[in-house]
Every structure is written in C-alpha cells, then in structure tokens.
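Trainee: I am new to this structure and would like to learn how to read its features. Could you show it to me and walk me through a few of them?

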Amino acid sequence: MWRDREHPETIPFGIAAFRIGVYALWPFGYTTVERRDAGAPSCVGNVLWLVLAGWWLALAHIVTGILLCLTIIGIPFGIANFKLIPVSLLPLGREIVRTDEPFATR
C-alpha cells in the first residue's frame, strides 16, 4: 500500500519549508548564509523548488514587503519580508545564523 512506503526524497523539501517557517516567524537578528558543502543534490533540489514553489513565494514576499513599507509602522516588517526573498527562492543549501556571527559556519 502506498501509505506504508517511506518517502526519503521529500525530506529535504520538508526541512527547507520548516526553515522558511522558522525564519518567517522571527527574522529579526538572523540572516541566511550559503553552505559551501551543500553539493549537487542541493542544486537540483533548488531548481525543483524554484519551479514548483519558490517563484510564487518570492513574489508574495515582494508584494507584501512593498505594501508593508507604505506605512511607517510596517517598514520593519517590509524589510523582514525582503530578507525572506532569497531563502524562499532557493532554500536548500542555506543556513540561518545570528546576525552577529554570519561567518561562523563558513
């Protein structure tokens, strides 16, 4: 039965979605850095992500960021939306680190 099978090929996409969710929950004080040891599977996964989900997530962050920047109170949240664009476009092979230590993982 199809429910009894495990799907390990979808695990990286689930982790990437969780990473985006955590970063979207509290983006202040954190940034994303590219992992140099990600490899070719990460590149292939990023292409799949970009085609299937990344472009409309990034477009939604652009529109939301522009709308939030129209008010003074919304400017920090608009900037936070703009910070989410790279990780929503290509999330595989990225890591979220504190702003004061962006080069600690390189």
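Trainee: How many residues of the lining of the largest pocket are nonpolar, polar and charged?

Mentor: A word first: this is a predicted model. Rolling a probe the size of a water molecule over the atoms shows where empty space is left. Here, the lining of the largest pocket divides into six nonpolar, three polar and three charged residues. The volume of this pocket is about 170 Å³. There are 12 lining residues, and P12, R19, S42, L92 and G93 are the closest to the pocket's centre.

Trainee: Which helices each supply at least two residues of that lining?

Mentor: Those are helix 1 (11–25) and helix 2 (40–68). Helix 1 gives the largest share, five residues.

Trainee: Next, the core. Which residues make up the largest nonpolar core?

Mentor: A nonpolar core joins buried nonpolar residues through their side chains. In this model the largest one has eight residues: A16, I20, Y23, W49, A53, L84, V87 and L92. Helix 1, helix 2 and helix 3 (75–89) each give two or more residues to this core, and helix 1 has the largest share, with three. Take A16: beyond four places in sequence, A16 touches W49, P91 and L92.

Trainee: And is H61 buried or exposed?

Mentor: Compare the relative accessible area with the cut-off: under 20% counts as buried. H61 is buried because its relative accessible area is 14%. H61 lies in helix 2, and, leaving aside neighbours within four places in sequence, H61 is in contact with N81, F82, L84, I85 and S88.

Notes. Residues are numbered from 1 along each chain as its sequence is written. This is a predicted model: local features need pLDDT of at least 70, side-chain atom pairs count only at pLDDT 80 or more; totals for chains, interfaces and linings use all residues. Side-chain values use heavy atoms; hydrogens and water are left out. On a 1 Å grid over the protein atoms alone, a cavity is a set of points where a 1.4 Å probe fits but cannot get out, and a pocket is an open set with protein on both sides within 12 Å along at least five of seven lines; lining residues have an atom within 4 Å of a point. Grid points are joined across faces, edges and corners, and a volume is the space filled by probe spheres set on the points. Helices (H or I, at least four residues) and strands (E, at least two) are DSSP runs, numbered from the N terminus. Ala, Val, Leu, Ile, Met, Phe, Trp, Tyr, Cys and Pro count as nonpolar, Asp, Glu, Lys and Arg as charged, and the others, Gly among them, as polar. Buried means under 20% relative accessible area, exposed over 50%, partly exposed in between (1.4 Å probe, protein chains only). Contact means heavy atoms within 4.5 Å. A nonpolar core is a set of buried Ala, Val, Leu, Ile, Met, Phe, Trp, Tyr and Cys residues joined through side-chain atoms within 4.5 Å.
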